[in-house]
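Open the model in your viewer and keep the selection tool ready. The stops below go from one selection to the next.

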Amino acid sequence: MSYLKFNADYLFTGHEMLDNNFVLITDETGVVVNIISLSEAGENVQTHKGILSPAFINCHCHLELSHLKNLIPEKTDLVDFVFKVVTQRHFDEEIIFEAIAKAEDEMIKNGIIAVGDICNNTQTFLQKQKQRIAYYNFIETSGWLPAVAKTRFEKSKSFFDQFCQLPSANNQLSMAPHASYSVSDELWQLIQPYFFQKTTTIHNQETSFEDEFFLTGKGDFLRMYSLMNIDNSFFKPTGKSSLQSYLHKLDDAKNVLFVHNTFIKKEDIQFVKNEWKNNPSPFFCICANANLYIENSLPPIELLIDQDLNIVLGTDSLASNHSLNILDEIKTIIKHFPKISHTQLLQWATINGAKALQMDNILGSFATGKKPGIILIENNDSENLTQQSSVKRIL
Ligand SMILES: [Zn+2]
């Protein structure tokens, strides 16, 4: 068998940043054989300028919303955003399918090898059958009125059954609640068996009025319920933050991906740590560009780092982002939090994401036997990631 040998200014392994004295060896198909020193590597070493890295993991996307690119105004707020998304229904399926295919192409070009994808319908099914990217499909349910729980669940279950037919090698599947303010207790109970021992996900504390709603029963969500003609009179505030109100409903999952966390507080993080000492494992997904797009705000990333949390990255959908590009997410974080190390950011984008999606047996690092995909981050003659950095797929 012949081997492929890769050398660059830097070799990021998924865990640590090695310098140009190391060579990544893979077989012809990209399965990692070893990392050895340049002096031992012999002939036929390909040398690249930039950082070689395992391919990226995008932990939060809604591929099915790709046709909404550039249609929803920026920097309004979550209520207006959600209302616009749920009322944009006038598209032909052909346009939707085309946008889905184009968005997947974009992710592949941008070095993304696996995606945690939210599904509210089966419009991405045909694309996913092609198995060009590994997906963890989260069949998302929502329904705030207890009276609609059964019909909403049955609809989601029918989508779940269809996604079950995808080849399991590249596709995993569970159900997921949309958010604390959109899923009734009755609906939670129906979906819980469908994330038992799996990874599930929830949009968490994306806006300041999410906590306000659970603490006091007031705030901007009342405007959303009235816009959507939902009678909220049954709801009794819990007197706790949103996250603390719903956390135990996720106890049966193996991993939980909390997405956005824009308004998470230190007490919430302590609560998760105290309540979930052994399992489930919590992962905190940052979608920086979507947060800026929707609400012009960013999560407390330094707090998440200080608290030693498992952080991962997501793009969210093209309804709330200009690109499906993990490197663009990294650049935005660097711009606003310049002290965060580039090694740490790349860990979030690779090994942490692979663990969250339970794909770290194959993806996320250059460990022997894995086939994680190889990307090159080109930095325009600078050693470090900059706003000009670009990414290309090497293998
Ligand atoms: Zn989302």
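**Ground rules**

This is a predicted model: local features need pLDDT of at least 70, side-chain atom pairs count only at pLDDT 80 or more, and totals for chains, interfaces and linings use all residues. Residues are numbered from 1 along each chain as its sequence is written, and side-chain values use heavy atoms, with hydrogens and water left out.

**Stop 1: strand 1**

Select residues 3-12. That is strand 1, and Y3 is in it. Helices (H or I, at least four residues) and strands (E, at least two) are DSSP runs, numbered from the N terminus. Y3 is partly exposed, at 46% relative accessible area. Here buried means under 20% relative accessible area, exposed over 50%, and partly exposed in between (1.4 Å probe, protein chains only).

Now pick F6, also placed in strand 1. F6 is buried, with a relative accessible area of 1%.

**Stop 2: the patch**

Together M1, Y3 and V33 make a nonpolar surface patch of about 340 Å². Patches are made of residues with over 30% relative accessible area and no salt bridge; like charges are joined within 9 Å, nonpolar side chains (Val, Leu, Ile, Met, Phe, Trp, Tyr) within 5 Å. The areas come from the Shrake-Rupley method with a 1.4 Å probe; for residues, only the protein chains shown count as cover.

**Stop 3: the largest pocket**

Select V85, V86, R89, N120 and S142. Of the 42 residues that line the largest pocket, these lie nearest its centre. Helix 1 (78-87), strand 8 (134-141), helix 4 (149-163) and helix 7 (221-227) each give two or more residues to this lining. Which element gives the most? Helix 1 does, with five residues.

The pocket holds about 1,200 Å³ of space. A pocket is an open set of points on a 1 Å grid over the protein atoms alone, where a 1.4 Å probe fits, with protein on both sides within 12 Å along at least five of seven lines; lining residues have an atom within 4 Å of a point. Colour the lining by class: 19 nonpolar, 16 polar and seven charged residues.

**Stop 4: salt bridges**

The whole structure has eleven salt bridges, each a side-chain nitrogen of Lys or Arg within 4 Å of a carboxyl oxygen of Asp or Glu.

Select E104 and R132. Their side chains meet in a salt bridge at 2.7 Å, N to O. E104 lies in helix 2 (residues 93-109) and R132 in the loop between helix 3 (125-129) and strand 8, so the pair ties together parts 28 residues apart in sequence. Buried or exposed, what is E104? E104 is buried, at 0% relative accessibility. R132 is partly exposed, at 40%.

D105 is partly exposed, at 38%.

Move to helix 4 and pick D161 and K157. Their salt bridge is 2.8 Å, N to O. D161 and K157 are four residues apart in helix 4, which means about one helical turn separates them. D161 is partly exposed at 35%, and K157 is partly exposed at 22%.

Finish with D80, D220 and R223, which are linked in a network of salt bridges.

Note on methods:
Points joined across faces, edges and corners; volume = space filled by probe spheres on them. Nonpolar A, V, L, I, M, F, W, Y, C, P; charged D, E, K, R; others polar.
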